[in-house]
Amino acid sequence: MKIRHVLLALACAAALLPAAAQDPQMNLPRVKLAAGMHQIDAQVARTPEQRMIGLMFRKEMPQHEGMLFVFEQPSQQCFWMRNTFLPLTAAFVADDGTIVNLADMKPQTEDSHCSARPVRYVLEMNQGWFAKKGVKAGAKLSGPPFQQR
């Protein structure tokens, strides 16, 4: 039930976005991550507004790029694809960088894709990136966010 309330709140907030917010976010801070030997250049969405907009309205994204969503504390995270034109895969990531689960997401849908357990991080990449690199649930990402706190 709680997830439905969060999704409803997000839907209402997205509907109220000003026209300027309908431009893709291109200038967020970036962080270098790695999945084994594979490098990732990730934009970091840290604020509620940055996380709400995410990769909406993007028409393309280079294969080595993604977006890392950072939440204040671990909880069940659920994502959808309203106003998102790119097919994406979400990696739900524990504090130590371990991928808890992966979810392929279809563009412009409102299906809910949730973490299998509470996480603080979600990394969105172009759909197929994780599969092509052989990165699965249980693999570890490395980089500044996942270093010991």
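Phe57 sits in the loop between α2 (48-53) and β3 (65-75). Helices (H or I, at least four residues) and strands (E, at least two) are DSSP runs, numbered from the N terminus. The model is predicted: local features need pLDDT of at least 70, side-chain atom pairs count only at pLDDT 80 or more, and totals for chains, interfaces and linings use all residues. Residues are numbered from 1 along each chain as its sequence is written, and side-chain values use heavy atoms, with hydrogens and water left out.

Stay with Phe57. Its phi is near 70 degrees, a positive value in a residue other than glycine. Phe57 is buried, with a relative accessible area of 11%. Here buried means under 20% relative accessible area, exposed means over 50%, and partly exposed falls in between (1.4 Å probe, protein chains only).

Asn83 is not a glycine, yet its phi is positive, at about 60 degrees. Asn83 is partly exposed, with a relative accessible area of 25%.

Now the sheet. Seven strands make up an open sheet, ordered β6-β5-β8-β3-β2-β1-β9, with mixed pairing. β6 (99-105) and β9 are at the edges with a single partner strand each, so one side of each has no neighbour in the sheet. Two strands pair if DSSP finds at least two bridges between them. Strand β1 (residues 30-35) and β9 run antiparallel and are joined by two bridges. Ala35 stands opposite Leu141 in β9.

Next, the aromatic rings. Searching the whole structure gives six aromatic pairs. The rings of Tyr121 and Phe146 are edge-to-face, because their centres are 5.0 Å apart and their planes stand at 80 degrees. Rings of Phe, Tyr and Trp (its six-membered ring) pair if their centres lie within 6.5 Å; planes under 30 degrees apart count as stacked, over 60 as edge-to-face and the rest as tilted. Tyr121 belongs to strand β8 (residues 119-126) and Phe146 to the segment after β9 (141-142), so this pair ties together parts that are 25 residues apart in sequence. Both Tyr121 and Phe146 are buried.

Trp129 and Phe130 form another pair. Their ring centres are 5.2 Å apart and their planes lie at 90 degrees, so this pair is edge-to-face. Trp129 is buried, and so is Phe130. Elsewhere, one aromatic cluster is formed by Phe69, Phe71, Phe79 and Phe92.
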